[in-house]
Amino acid sequence: MRNLGPDRPLIAAVVLLAAYGLLILYSAGQTDVVTQAHGVWQRQLVWMAVGVVAAAIVFRFSFRLLEWLAPAAYGLGILVLLVTLVVGTGQGTAAGTRSWLSIGGHQLGQPAEFAKLAAILMLARYLSSLRESPRNLRELIAPCLIAGLPFLLVLKQPDLGSAIVFIGILFLMLFWAGVKPSLLFMLASPGLSLLLAFNTWTWGVWMIVLAVLLFLWRPYVVEGVFLYVVNSVMGALAIPLWQRLAPYQQNRLLTFLNPEIDPRAAGYHAIQSRVAIGSGGWFGNGFLEGPQKRLAFLPAQHTDFIFSVVGEELGFLGVLVALLLFLGLFLVVLRIARRATDPFASLVVFGILALFFTHFFENVGMTVNLMPITGIPLPFFSYGGSFFLASCISVGLLLRAAWDARLSGYADV
Amino acid sequence: MNEFHSFRRAERAVLARWFFVGAFLLLTVAFFRTQVVQHERFRLRAEKNRLRIVPLAAPRGVIYDRNGLVIADNVPGYAVKLLAPSADSLRAVLARFRTVVPLDSSEVSAILVRYRQAPYQPVVVLGTGDFETVSRLEEHRAVLPGLVIQSEPRRYYPDGQAVAHLVGYVGEVSERDLETDRFPGAQLGTVVGRAGLEKEYDAELRGQPGIHYVEVNARGRLVREEDVAPTLAAIPGEAIRTTIDLALQRYIDSLWNAALPGVRGSMVALTPSGEVLALYSAPGYDPNEFVGGISTTAWRKLNDDPARPLLDRAIQTRYPPASPFKLAIAAMALKRGVATFSTHMPEPCRGGLQVGNRYFRCWKPEGHGSLDLEGAIAKSCDVYFYQLGLRIGLDAILTDGVLMGFKDRSGIDLENEIAPIYPSNAAYFDRKYGPRGWSKWGATLNFSIGQGENTQNVLNMTRFYAALASAGEAPTPYIVRRRREDVLNLGLDPDQLAGIRSALIAVVERGTAAGSRSIDLAIAGKTGTAQNSHGEDHGWFVGFAPADKPTIIVGSIMEFAEHGSNVAPYVAKVLHRYVAGPASGDAPVTIVVPADSAPRAVQIVPDSIPQVDPVADDTTPPPPPPPSGP
């Protein structure tokens with residue numbers, strides 16, 4: 001007897017994560033001093049209700065309809081991002097940026113979150129329309145443009161964290177579309193060049209390694225030469241580009257390398273987050289009992305640094321449970337991507353997986369200084385309407401893809 | 001697209017699964033490292049984040065006198081402190097604080113200065129709050145965030161100004177003392193002894209502060225005061241027992257207050273073995289005013305007072321030793337054998353002495369006639385001592401004077417004892433005036449009668465008399481412990497000492513004061529009059545009793561008293577009081593001693609050079625300590 005209901009493992013993973021997240025969000029509001037986090041869990045509950053309705057609606061959309069709608073959604077997404085750049089406002093810790101769209105003083109949301117979904121749809125549509133998966137750099141130009149346009153617009157807001165998500169989505173979706181890892185590596189090489197150029201020695205070694213790799217992989221000669229030139233140019237551009245970054249962005253990257261450079265300002269978040277997590281130990285200080293959170297030493301404890309609350313109050317074991325839940329979610333979604341009825345649906349599912357994973361890894365990684373600090377929410381944990389809604393819509397899409405797969409008899413493969 | 005054949009997807013899914021599992025493992029390792037491996041480090045860091053240390057003051061050790069009476073005690077008190085996240089917020093809280101408890105603007109700025117020195121510690125606002133103030137503050141706690149009220153033992157000196165110079169006072173450690181590490185273990189805000197015994201024995205008296213933790217939030221605001229972390233109790237300071245006879249000290253104070261109001265001077269009482277029985281200086285101050293921080297106005301008043309109440313006139317002021325020094329000349333002469341008690345000088349006293357082309361007067365214009373040494377001591381005859389001094393010679397006077405302790409501090413266990421001025425050899429005069437700029441016999445005559453480049457503090461002179469009163473030996477005087485073990489030895493045999501003592505008895509018994517001595521107590525002593533170019537001369541009296549077997553030596557100087565004979569009655573009362581005991585009451589002791597006004601110091605330099613005036617620069621007190629805040 002086939003189970004034709006919704007995908008139970010997915011629902012289980014999402015419900016568990018959302019419940020866990022809500023508990024932590026409740027705890028984040030329990031402080032000895034009044035913070036913004038106070039009482040947000042109730043508002044998050046409202047968003048959850050809205051999210052369930054949104055997911056139910058999206059569940060009704062067939063992937064054919066979505067494929068048809070993709071260019072329109074993408075175009076709309078780009079348009080809204082453009083509008084946001086002009087009239088956007090900042091909020092909270094990122095008050096200086098233009099990432100919020102508001103009408104009449106009422107903040108509607110962060111368009112970047114929906115642009116991510118639109119970009120996923122558009123990339124999926126484009127990649128699934130190809131006869132063969134891209135085999136050289138020239139064939140990668142189109143998908144790069146699709147992801148690159150919203151990337152640049154978001155970067156301009158400036159919101160480095162969200163912009164990086166587009167990169168993550170692009171690379172993971174290209175991988176799922178069958179692009180060879182060596183080609184992906186070549187695509188990424190200018191970026192690596194940019195990072196490594198801050199030290200002449202590392203950059204020199206990198207250029208030699210790149211030459212050897214190009215010799216081994218043998219792309220088209222023109223492409224190989226072009227790539228090498230681009231890498232050289234990026235190396236030369238690194239310093240001027242660095243100087244064009246906003247000081248707060250520079251500080252964040254610098255303090256990622258060494259948070260103690262500026263422990264009172266830029267490094268403060270990185271240090272306090274690690275202090276809270278590290279003080280949790282094996283079992284944590286107990287639910288609601290984390291002193292760093294209680295006394296507001298933890299910055300943005302209900303949004304960007306909510307995972308530090310897990311670490312402080314529930315300890316390493318609580319963290320491990322959360323990490324396992326996320327891993328479970330990823331593997332469940334991966335299974336859906338594998339079983340999806342058609343390339344478009346599969347790519348959309350994998351794109352959503354990429355979206356969740358990039359957010360997860362960047363957010364959790366930054367709390368232990370594994371990643372630089374970028375204000376980017378943790379799926380199902382962080383308070384924030386737009387992203388939570390986008391996540392719910394994503395889950396609706398995933399459920400639909402799983403449903404379709406089951407109906408088509410793929411379920412038991 | 002054939003890349004989406006299920007087996008191709010499965011291939012990539014395997015890769016992707018490894019990728020996600022790898023990311024999971026990476027994060028797990030990162031969290032394991034932070035939470036388990038480095039847990040202790042971050043736990044400490046978290047505690048440091050939220051805990052602020054509030055030092056708990058240790059009660060200072062009690063200071064007892066020789067009979068177990070309390071000189072310095074502790075009483076319950078309250079310290080009012082504020083824990084503030086920033087200077088601005090402290091200023092705001094202080095503004096509200098002032099509506100509850102008045103603070104003047106200089107106190108507010110002092111508090112802000114102290115806050116900036118240690119912004120993570122609660123800043124002391126009121127060093128001593130009484131119960132009423134504290135309860136008023138408690139009522140307004142809601143508008144005074146960061147208010148910390150601690151019950152703290154508070155220093156109390158029951159006898160107040162009677163023991164002021166002896167016991168000193170306490171206050172917050174100064175930055176300079178912190179730099180020089182004068183008080184090991186003291187930190188900013190630690191209360192230490194700032195003068196007297198409190199300072200000298202601070203290491204024993206201070207004890208160790210305890211530690212109390214309070215919790216603050218990220219903005220540095222006080223969140224919780226109690227049960228935050230275990231409190232470490234303070235270790236009280238050790239009690240010290242002194243040689244002081246508090247009853248005698250009180251008696252001197254009451255005597256001075258009753259009979260000598262406004263008179264500046266000092267009185268020191270020693271036992272023959274060097275124990276300090278009393279050490280009194282007038283005018284005094286109330287050391288209780290310093291507890292918890294002296295107010296700026298009170299501090300200014302003490303500092304601006306021309307009478308310099310903070311100056312300890314027993315050890316911090318030098319006076320010309322004048323006639324009491326004649327005993328040193330007599331001792332030198334006896335030691336060197338240039339004279340005996342029956343020696344008469346070639347020139348009898350006819351009111352003066354012609355030396356070369358100059359005439360040096362005795363204090364008594366009509367003259368004393370021909371005297372032997374005992375008579376000369378009794379009558380304090382200058383002419384006799386001029387000749388005796390010339391017979392000993394300046395070099396011998398200087399050498400022997402150094403041996404008799406006139407060049408060194410007495411070595412009492414108190415800080416800031418001023419060193420006497422006494423040349424060790426004649427080269428001193430060469431350096432000061434040039435080899436041809438001074439006359440040797442002029443200097444000799446000056447030294448013979450206790451004038452010239454010779455200034456001593458009262459304690460030092462009293463110590464010399466302690467040697468005369470005992471077997472010719474005077475150990476280092478002390479209040480708690482001897483600083484030095486060396487003994488001043490006059491090098492006289494017992495017969496010579498007995499002779500000197502009977503001569504000193506003669507001062508009181510026979511001298512000009514015959515018949516008016518204390519009825520039932522043999523008192524020995526020497527009056528003196530110290531030249532003072534600023535006004536009336538200072539009066540000296542150093543004496544001991546009972547004369548045959550002394551148990552107490554008292555030295556005293558009264559500024560502007562004109563004659564030593566004006567000082568002697570008070571010293572006699574103190575001697576009587578000590579020997580006869582407090583039960584004897586205020587016995588009607590009256591003694592009369594010669595009112596020998598000293599002749600002016602001889603000019604030893606050509607007339608164009610102004611007269612040597614040691615008093616002018618020697619009464620300059622040491623620089624006062626910087627004011628301590630409340």
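## Two packed helices of chain A

In this predicted model, residues S273(A), A276(A), I277(A), S279(A) and G280(A) of helix α11(A) are in contact with S308(A), G311(A), E312(A), E313(A), G315(A) and F316(A) of helix α13(A). Sorted by class, this contact has three nonpolar, six polar and two charged residues.

Two packed helices are described by the angle between their axes and the distance between the axes. For α11(A) and α13(A), the axes come within 6 Å and cross at roughly 15°. Angles under 35 degrees count as roughly parallel, so α11(A) is roughly parallel to α13(A). The crossing of α11(A) and α13(A) is left-handed.

## Chain A as a whole

Chain A contains 15 helices and two strands. It has 413 residues, of which 50% count as buried. Of the contacts in chain A between residues at least 6 apart in sequence, 70% join residues at least 24 apart.

L288(A) sits in the loop between α11 and α12 of chain A. With 16 other C-beta atoms within 10 Å, L288(A) is partly exposed.

## Where chain A touches chain B

The contact between the chains takes 44 residues from chain A and 35 residues from chain B. On the side of chain A, the elements that give two or more residues are α6 (160–176), α11 (268–280), α12 (291–294), α13 (306–339) and α14 (343–367). The most comes from α13(A), with 11 residues. By class, the residues on this side of chain A are 28 nonpolar, 12 polar and four charged.

## A sheet in chain B

Strands of a sheet pair through backbone hydrogen bonds, either parallel or antiparallel. In chain B, five strands form an open sheet with antiparallel pairing, in the order β12-β11-β19-β18-β17. The edge strands are β12 and β17 (524–530) of chain B, each of which pairs on one side only. From one strand to the next, the twist averages 5°. The antiparallel strands β17(B) and β18(B) are joined by seven bridges. A524(B) has F544(B) in β18(B) as its bridge partner.

Two helices of chain B are placed against these strands. Helix α18 (residues 458–469) of chain B lies across β11 (265–270), β18 and β19 of chain B, and runs at about 150° to β19(B). Helix α20 (residues 568–580) of chain B packs on the sheet and touches β11, β17, β18 and β19 of chain B. The direction of α20 makes about 155° with that of β19(B).

## Backbone details in loops of chain B

A cis peptide bond joins A282(B) and P283(B), with omega about -5°. P283(B) is in the loop between β12 (276–282) and α11 (296–304) of chain B. A cis peptide bond also joins A545(B) and P546(B), with omega about -15°. P546(B) is in the loop between β18 (538–545) and β19 (552–558) of chain B.

A322(B) is not a glycine, but its phi is positive, at about 55°. A322(B) belongs to the loop between α11 and α12 (326–336) of chain B. There, A322(B) is buried, with 30 other C-beta atoms within 10 Å.

How values were computed:
Residues are numbered from 1 along each chain as its sequence is written. Chains are lettered from A and ligands numbered from 1 in the order in which they are written. This is a predicted model: local features need pLDDT of at least 70, side-chain atom pairs count only at pLDDT 80 or more; totals for chains, interfaces and linings use all residues. Helices (H or I, at least four residues) and strands (E, at least two) are DSSP runs, numbered from the N terminus. A residue is buried if 20 or more other C-beta atoms lie within 10 Å of its own, exposed if 12 or fewer, and partly exposed in between; C-beta atoms are placed from the backbone. Two residues are in contact if their C-beta atoms, placed from the backbone, lie within 7 Å. Ala, Val, Leu, Ile, Met, Phe, Trp, Tyr, Cys and Pro count as nonpolar, Asp, Glu, Lys and Arg as charged, and the others, Gly among them, as polar. Axes are lines fitted to C-alpha atoms, for helices over the stretch in contact, and angles run from 0 to 180 degrees between N-to-C directions. Angles under 35 degrees count as roughly parallel, over 145 as roughly antiparallel, 65 to 115 as roughly perpendicular and the rest as oblique. A crossing is left-handed if the near helix is turned anticlockwise from the far one by less than a right angle, and right-handed if clockwise. Two strands pair if DSSP finds at least two bridges between them.
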